[in-house]
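Here is a short briefing for a reader new to this structure. Look at the sequence and the model first, then read the points below.

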Amino acid sequence: MRSAIVLVSLFVLTVAQELAEPCDEEACKLPDCRCSSTSIPGGLAARDTPQFVLLTFDDAVNIINIETYRDVIYNRRNSNSCPAGVTFYVNHEYTDYQLVNELYNHGFEIALHSVSHMTNQTYWQEASYDDMVQELGEQVVQMSHFANIPTDSIKGVRLPFLQMTGNASFQVMADYNLEYDCSWPTVSQINPGLWPYTLDYASTQDCIIPPCPTASVPGVWVLPMVTWRDLNNNPCSMVDSCLAVPSTEEEWFQLILSNFERHYFGNRAPFGFYIHEWYIRENVNPHVGRALKRFLDLINNLYDVFMVNSQEVIDWVKNPVPVNEYAQQPCRTYVPTMCAPATCPVAAEHNLNVYWMSICNVCPRVYPWLGNPLGQ
Ligand SMILES: *[C@@H]1O[C@H](CO)[C@@H](O)[C@H](O)[C@H]1NC(C)=O
Ligand SMILES: *[C@@H]1O[C@H](CO)[C@@H](O)[C@H](O)[C@H]1NC(C)=O
Ligand SMILES: [Zn+2]
């Protein structure tokens, strides 16, 4: 009689993620999976595709930049009469959370830009999964608590300095219910432009600020930053990082338009106007702010162009419908919230500064920071 030999092998539990494989179009289908590609979602023709415009602002929200936001973006509507969208990538330090509450309650999108916004680029380059839990995963809780906005309204991420952290930020996003990243510029796939895609499979996107993710991170979306071209035809990810720029309002308007037209008359990949507020401030660069307003006035009157919150683009890509149908859809909604305002001086343990916090909650014991997002 044969005796069975039982081989006992030692299984080592590992948290290592699998290397992403080349994308399999048959296996990777909407709404939850999309290969990185310049093809229009749903196989739509360009003329039937809504042209989305993403105006986004980075960094702390404060009493200075809120004036520009109120002036430039409040009370704008798209041609289908839905309120125009804008996304704010907000970092914690010096942010006035009462004003974040105001932006949210005007229907704009609040997204993450880290707790520390550390200026040391190497820190981000080498950041571990645990670092990014403190920077992003815990920032969801922090933002929601101090601005009094719903946790599940926070879906997006932009990394400081657009410095990729390899797999780490994306793996944290998957584990903390964050849906899309908008930190990853493309220089080579701008005409036609790269559409949003998921990280189930290997990305074909050019990696401008390595390390880029190579692990499979199912269900997490990349909203590529399709770069602009400046007057010398050099690429820029953020409008305020373009080097060769004009000096008059009219020329700025033309520069914006020429970059927009590459999308609008091309494959209609979402067009980004990614900027920091100071660059369009009336008393810094009045001609840029005025050119932007002219551009927004123009597109807000085009029947197939929509200025939206970034998460609306991801929603559309998941369920693409032709522009005529899209324009009939109900406008986005949000759950309105109140702000019970408090202003408090709070000492920080990490640098011994005293910060004046403006929040919609009770005053924290210490200044909230990495590892202690609520300042308890
Ligand atoms: C990302 O994960 C893949 C698969 O585990 C690995 O090969 C790669 O080295 C990781 N990238 C970084 C920057 O750690
Ligand atoms: C920058 O961050 C890296 C990684 O965290 C650290 O090793 C290095 O000392 C930091 N450099 C400075 C100048 O703070
Ligand atoms: Zn920033």
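Buried means under 20% relative accessible area, exposed means over 50%, and partly exposed lies in between, with a 1.4 Å probe and protein chains only. This is a predicted model: local features need pLDDT of at least 70, side-chain atom pairs count only at pLDDT 80 or more, and totals for chains, interfaces and linings use all residues. Residues are numbered from 1 along each chain as its sequence is written, chains are lettered from A and ligands numbered from 1 in the order in which they are written, and side-chain values use heavy atoms, with hydrogens and water left out.

**Zinc site**

- Asp 59 (OD), His 113 (NE2) and His 117 (NE2) coordinate the zinc ion (ligand 3) at 2.1 Å.
- Donors are N, O and S atoms within 2.8 Å of the metal (3.2 Å for Na, K and Ca); water is not among the atoms, so sites may look incomplete.
- Along the chain, the donors of this zinc ion follow the spacing D-x53-H-x3-H.
- His 113 counts as buried because its relative accessibility is 2%.
- His 117 also counts as buried, at 16% relative accessibility.

**Nonpolar cores**

- A nonpolar core is a set of buried Ala, Val, Leu, Ile, Met, Phe, Trp, Tyr and Cys residues joined through side-chain atoms within 4.5 Å.
- The largest one has 84 residues, and Phe 88 and Phe 295 have the most contacts inside it.
- A second, separate core has 25 residues, including Leu 44, Trp 195, Met 238 and Val 308.
- Contact means heavy atoms within 4.5 Å.
- Beyond its neighbours within four places in sequence, Phe 295 touches Val 53, Phe 253, Ile 256, Leu 257, Phe 260 and Phe 271.

**Helices**

- Helices (H or I, at least four residues) and strands (E, at least two) are DSSP runs, numbered from the N terminus.
- Helix H8 (residues 310-318) is largely enclosed by the rest of the structure, because 8 of its 9 residues are buried.
- Those buried residues are Ser 310, Gln 311, Glu 312, Val 313, Ile 314, Trp 316, Val 317 and Lys 318.
- They pack against several elements, among them strand E1 (51-58), strand E3 (109-112) and helix H9 (323-328).
- Helix H5 (residues 168-175) is mostly covered, with 6 of its 8 residues buried.
- The buried residues of H5 are Ala 168, Ser 169, Phe 170, Gln 171, Val 172 and Met 173.
- Their cover includes helix H4 (129-147) and strand E4 (156-157).
- Asn 177 follows H5 and has a positive phi, near 65 degrees.

**Two cysteines**

- Cys 182 is in the loop between strand E5 (180-181) and strand E6 (185-186).
- Cys 182 counts as buried, at 0% relative accessibility.
- Cys 182 and Thr 198 are 16 residues apart along the chain, and their C-alpha atoms are separated by 12 Å.
- Cys 207 lies in the loop between E7 and E8.
- Cys 207 counts as partly exposed, because its relative accessibility is 34%.
- Leaving aside neighbours within four places in sequence, Cys 207 is in contact with Trp 184 and Cys 212.
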